[in-house]
Amino acid sequence: MLSQDHIRQSFSAALPIMLGYVAIGLPCGILCSSIGLDAVQVLLFSVLFYSGAGQFMIPNMWLAASPIASIIASVSLVNTRQTLYAASFAPRCEGVKKRLAFLFAATVTDESYGVNTAKFAQGDWSVGRATAVNLMSQSSWTLSNIAGVLVGNAIGVPLAIAAFAMTSIFVCLLVSQKASAATFVAAGAAMLGVFTCKTVGLGGPAILIGALVGVMAALLFTWAKERG
């Protein structure tokens, strides 16, 4: 059970994330409304499918008439990093109740991962307080998405803006990666793969194919570099 002091500590750590989620949650909710989702559906979407990148990708790929299989595969591929985030916290969960450890692992995101990693490194930080950071962040994201739906139903969004949001989320994911030669190889190969698919008329699976090409190129580059 968290004390009031611990809750204040968690809120202080989560506040920058919560404010940032308002800025990106509103447009995400607007995009969801553009494909016909209502507030209740977006509420369930945000709580049960906690992936900001995925929630941006799905409506944009839907608007682009991407195949369902391509949407599922693309979102799953982008979200594999969440498994790594949770796994890296496994040593911190030793001796913690399984329910709490599960909840902590299931709610970690890019931003809360960074905040909690720094807090654990400083010491005097617990899985309970870290979970509170995750849940406060998720609450901000969920409420912002719902507000976005209500706004979107009132004003509507040009499809050109929706199309660019798809590009911007991948740019954000790229910028958040550690700068390395393998990262640049992956990005370059992915862009080339998408461009090639678009050129030959494979617009639907272009994103998925480009992502796979990028990953394979980075793996081959790393393998060749290590052998050399």
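Hi everyone, let's start with the cysteines: the count here comes to 0 disulfides, taking a disulfide as a pair of cysteine sulfur atoms within 2.5 Å. Before going on, a word on the source: this is a predicted model, where local features need pLDDT of at least 70, side-chain atom pairs count only at pLDDT 80 or more, and totals for chains, interfaces and linings use all residues. Residues are numbered from 1 along each chain as its sequence is written, and side-chain values use heavy atoms, with hydrogens and water left out.

Buried means under 20% relative accessible area, exposed over 50%, and partly exposed in between, with a 1.4 Å probe and protein chains only.

Next, helix α5, residues 80-88, has R81, Q82 and Y85 buried. Those buried residues line one face of the helix, because they fall within an arc of 105° seen down the axis of α5; the arc is that of the directions from the helix axis to the C-beta atoms. On the face turned away from the buried side, α5 carries exposed T83 and L84. Helices here are DSSP runs of H or I, at least four residues, numbered from the N terminus.

Last stop, helix α2, residues 39-48, where V47 lies. V47 is partly exposed, with a relative accessible area of 41%. Thanks, everyone!

Notes
Helix = DSSP H or I, 4+ residues; strand = E, 2+ residues; numbered from the N terminus.
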